[in-house]
Amino acid sequence: MIRKFPQAKDLPPRGWFHYHQGVFLSGMLETYRLTGCEKYYNYIKSWVDSIIQPDGSIVKYDPTRLDDIQPGILLFTLYDKTGDERYKKALNTLIDILEKWNKNAKGGFWHKECHPNQMWLDSLYMAGQILTEYANYSGETKYMDEAVNQAIIMYDNMLKKENGLMYHAWDMSKAETWADAQTGLSPEVWGRAQGWYILSILIILSFMPKSHPKRERLTEIALQLFEPIIKYRDESTKMWYQVVDKGNCAGNWIETSCSCLFTAAIAKAVNNHILGDEYK
């Protein structure tokens, strides 16, 4: 990616504070933490600096959708390393937005303002990690409690009871064309959404104090999901399908991003002693 985009500011969509860059750069941030290689840090910083203004404002983002909140997870490391108040101001702007975020009647975040009452599994990745890290950063547990609450609302309302996986989306109002008339659920188990959700659970757990009253519940959700996820892995490729539980259907295909997400989640679960070493 660095070879393709030598200047981080050119990462698409260019000039936009968006999850497309945020997902990639959060992976680079993990790599920097593991290797200590400064070129990765400098690349991340140059992208953020191309969008965060001297007064801490963000040049271009959409404050009505969680997709444009996700890159905020990059700001913690930048602020810790530099002490530059721009990063703190931008981070606080994003958290202030989340504090006022629209919710459905059960307290679940709308994924986007233009989709009232809709919860998408993607949302836990877009908002869960930044809330969890902000709880540690600020010392205010309400932010972690909110992330955990969102995860539990999703699991309790978006589970496909027949096989233990989760539907991609849920419209509590049942107004969307794809929403089931009785449940409001979308029709399929989308691999990447399920991957974002399970990985987010593991990320939240990695920041959560062992004494947190809902740690056991979140761990239980992870364990309940791993069994069907591993069950639906394709035996020949050892990867997963785009529609996870319909591997034999025409038009379905082996999909790389969900396979990476599931693998990352399993690895984190092993490293954090939630799954045994046999899952390596």
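Predicted model: local features only at pLDDT ≥ 70, side-chain atom pairs only at ≥ 80, totals over all residues.
Biologist: Helix 1 (residues 19–35) packs against helix 3 (residues 74–82) at an angle of about 45 degrees, axes 10 Å apart. What do you call the way helix 1 and helix 3 sit to each other, and why?

Modeller: Oblique. Numbering starts from 1 along each chain as written, and side-chain values use heavy atoms, without hydrogens or water.

Biologist: Which residues of helix 1 and helix 3 make the contact?

Modeller: Leu25, Ser26, Leu29, Tyr32 and Arg33 meet Leu74, Thr77 and Lys81, contact being heavy atoms within 4.5 Å.

Biologist: What makes helix 7 (residues 191–207) and helix 9 (residues 256–271) a roughly parallel pair?

Modeller: Their axes come within 8 Å and cross at roughly 20 degrees. That falls in the roughly parallel class, therefore helix 7 gets that label relative to helix 9. Gly191, Trp196 and Leu199 of helix 7 are among the contact residues, as are Leu261, Phe262 and Ala265 of helix 9.

Biologist: Which residues touch the most other members of the largest nonpolar core?

Modeller: Leu98, Tyr197 and Ile201, out of 90 residues. A core like that joins buried (under 20% relative accessible area, 1.4 Å probe, protein chains only) Ala, Val, Leu, Ile, Met, Phe, Trp, Tyr and Cys through side-chain atoms within 4.5 Å. Leaving out residues up to four places away in sequence, Leu98 touches Leu66, Ile69, Phe109, Ala127, Ile130 and Leu131.

Definitions and conventions: Axes fitted to C-alpha atoms, helices over the stretch in contact; angles between N-to-C directions. Helix = DSSP H or I, 4+ residues; strand = E, 2+ residues; numbered from the N terminus. Parallel < 35°, antiparallel > 145°, perpendicular 65-115°, else oblique. Buried < 20%, exposed > 50% of the residue type's maximum accessible area, 1.4 Å probe, protein only.
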